[in-house]
Amino acid sequence: IGVFTSLVLWLIGSIYVVSVAIDTIEYYNMKNKLNFYTSQFVELKSTISTLEKAEAEFKRILSFKSKEKILENVDTKINTHDAGSLDMDILKDQIKNTVEKVSEIKEFLKNQRDIYMATPKGWPVVGRVTSEFGNRENPIHGKQEFHSGIDIAANTGVPIKATADGIVSFSGWSAGNGNLVVIEHGFGYSTFYAHNSSNTVKVGQKVKRGDIIAHIGSTGNTTGPHLHYEVWHNGRAVNPMSFIKEAKNVPKEKQ
C-alpha cells in the first residue's frame, strides 16, 4: 500500500510539474506574441500618422486657387520615410504603395517648385519700356543691331529686383554695360541687369525672387537712366517680355 501510494503521488506530482512547465512555456510564447504585435501596431500607427500629415499638407496646398500659389507654398519637407512595416502582407503592401505614391507626388511637386522658382517672372523694375527685344537702331551711333534684352526707363536710384531665385555669378563693372549683375538660376536660366548706379549683391550670394540686387542708373553706354534687362535660356537670349507678360504686377504704362 505504501509503495502504491508513493507511485500514485509521484505520478500526480510529475503530471503537475509537466503541466506547470507547459503553462509557463505557453505564457512566455503568448507574451512574446503580444510584444511583437504591440510593436507592429505602434509602427502601423506611425505609418498612419505620416500619411495623415501628408494628406493634410496636400489639402493645404491644393486649397490655393492658382498654380503659382501652389508651387510657392509647397512644403517639400514632409517625412514619408519613417513608416514601419506590419506583418500582415496585404495591409503592408497597401501601406507601402501609398507611401511610395506620396513620396512620388512630393518629389514631383518639389521639382515643379524648383523649376518655377528658377524661371524668371515679372518685372525687375516698374517703369516704361523704351526699347524692345530684337533688331533696332542703336540710340547712340544709329546703326542697326540686335538688341538682346529690353530697356526699362525709371528714375535714378529706383530699386532693381531679381526675377527668380538664384546665385549671383557676376557683380561689378563691365565696360559698356556699366555696373552689371548676372544671376544664374538653374534649369538653363540666367538674367542680366545692366547700367546700374550701384549693385547691392556680391558674387556667390544667394538671392530670392523679389530681392533688391541693384539700383537704376546710367552707367556705361547710355542716353539716360534705365535698366537693360536680359533673359538667357540654354545659352541664348530670349525675349524677356514673354516672362513678364504673365505677371500680375504689370506697370500702368503697359496695361
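A residue is called buried under 20% relative accessible area, exposed over 50%, and partly exposed in between (1.4 Å probe, protein chains only). By this scale F133 is partly exposed, with a relative accessible area of 23%. F146 is also partly exposed, at 48%.

The structure is a predicted model, in which local features need pLDDT of at least 70, side-chain atom pairs count only at pLDDT 80 or more, and totals for chains, interfaces and linings use all residues. Residues are numbered from 1 along each chain as its sequence is written, and side-chain values use heavy atoms, with hydrogens and water left out.

A search of the whole structure finds four aromatic pairs. Rings of Phe, Tyr and Trp (its six-membered ring) pair if their centres lie within 6.5 Å; planes under 30 degrees apart count as stacked, over 60 as edge-to-face and the rest as tilted. One of the pairs is F133 with F146. The ring centres are 5.2 Å apart and the planes stand at 80°, so this pair is edge-to-face. F133 lies in the loop between β1 (128-131) and β2 (134-137), and F146 in strand β3 (residues 144-147), so the pair ties together parts 13 residues apart in sequence. Strands (E, at least two residues) are DSSP runs, numbered from the N terminus.

F192 and W232 also pair. Their ring centres are 5.9 Å apart and their planes at 50°, so the pair is tilted. F192 belongs to strand β8 (residues 189-196) and W232 to strand β12 (residues 226-233), 40 residues apart. F192 is partly exposed at 22%, and W232 is partly exposed at 27%.

Definitions and conventions
Helices (H or I, at least four residues) and strands (E, at least two) are DSSP runs, numbered from the N terminus.
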